[in-house]
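Welcome, and please load the model in your viewer. We will go from stop to stop, selecting a few residues each time.

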Amino acid sequence: NYLIMLSILHNSMHNENYKFINYYLLQQKIVTNHFTNYIICEDTPITNELIKISKGSFNQGSTINSIYLAFDNELPTFSIFINEFYVSKYCITEYEYIDFVKDNGYINDNNWSYNGLLWKKENNILHPLYWFNNNNIWFRKHFNQIIKIGSNLPMCNISYYEAEAYCKWKNVRLIQESEYEYLATNHGTTLYPWGNNPISNTLCNLNNSNNSNNSNNSNNSHNYCVNVDSYTNGNNIDDVSQLIGNVWEWCENVIYPYNGFIIDPIYREMSYPYFGQKKICRGGCFCVDPYLIHSKYRNAQLPECRIQFIGFRVCKDI
């Protein structure tokens, strides 16, 4: 059973890879110097409040007898204490991120860490992936469409370095991996943010059903992320939204093994070649199969990764 399930989950990872690579290749076909039609979002910007989270202890990590297949990097479980902190109710939206861009966020080197600045300069990074400027108006390439930037969609397809720079500009920080799991398990009391019910297609693959809170239909016709205030039935007990299923979330941490780590003899390359290099991503995204993702699943990507559907939410210490 383990080998069969491992094969299914590994295949799901490749399915996600196909989807974001296909999306990337499609954007290369869009010509941006001569265009006449574009889509404008008419959504009113939402307020992305900071929610105070109470302190407490919980058990981080998975166990061998979990109801889902636990990868080696999730094992073993351990108790950890979480201090009080503030967290944004939603992932940072396009409406919020464009303020950073318009405030010369990519030009002002003071916003960037040493490694982020090296990456930005070596790769001539001047704006988010798929964005372009025409007559001082920002647009985004999206499948066969051009969309004027400004929506309640989560900001995605950005690197860890870009998320980190936004946080410095905003005087906030990225979420810690332990804080994410604390929220996603309701302080360690449930399996998922919404309780103990298994992940459904409605909650994980958000675009498989309609939702009245999401009016930006142009972005959903091709299976894409949805507005951050959609699917409130998935909020956790603190009313933090979309911890699973819309976009991946960058965490501040580098991926390392938990104490007591034992490498999986079958899938040895799951994590250990990347310990100390990649940054943690949590929560899954719209193109991840529901049976792959859960509140304790540890993904990680190199900090320069932009091609995957990764966004971020912000925190502040108390």
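Is Tyr2 buried, partly exposed or exposed? Select Tyr2 in this predicted model and colour by accessibility: its relative accessible area is 32%. Because buried means under 20% and exposed means over 50%, Tyr2 counts as partly exposed. Tyr2 belongs to helix H1, which covers residues 2-27.

Next, go inside. In soluble globular proteins, nonpolar side chains tend to be buried together. Here the largest nonpolar core has 81 residues. To find your way in, select Phe71, Tyr97, Trp250, Phe309 and Phe312, the residues with the most contacts inside this core. Helix H4 gives the most to the core, with 6 residues.

Stay with Phe71 and show what surrounds it. Setting aside neighbours within four places in sequence, Phe71 is in contact with Leu6, Leu9, Met13, Tyr267, Met270, Leu292 and Tyr297. A second, separate core has 5 residues, among them Ile30, Phe35, Phe139 and Ile146.

For the last stop, select helix H2, residues 94-102. Its buried residues are Glu94, Glu96, Tyr97, Ile98, Phe100 and Val101. What do these buried residues pack against? Show strand E5 (131-134), strand E6 (137-142) and helix H4 (160-170), and you have the packing partners of H2 in view. Finally, step past the end of H2 to Asn104, which follows the helix and has a positive phi, near 60°.

Key. Residues are numbered from 1 along each chain as its sequence is written. This is a predicted model: local features need pLDDT of at least 70, side-chain atom pairs count only at pLDDT 80 or more; totals for chains, interfaces and linings use all residues. Side-chain values use heavy atoms; hydrogens and water are left out. Helices (H or I, at least four residues) and strands (E, at least two) are DSSP runs, numbered from the N terminus. Buried means under 20% relative accessible area, exposed over 50%, partly exposed in between (1.4 Å probe, protein chains only). Contact means heavy atoms within 4.5 Å. A nonpolar core is a set of buried Ala, Val, Leu, Ile, Met, Phe, Trp, Tyr and Cys residues joined through side-chain atoms within 4.5 Å.
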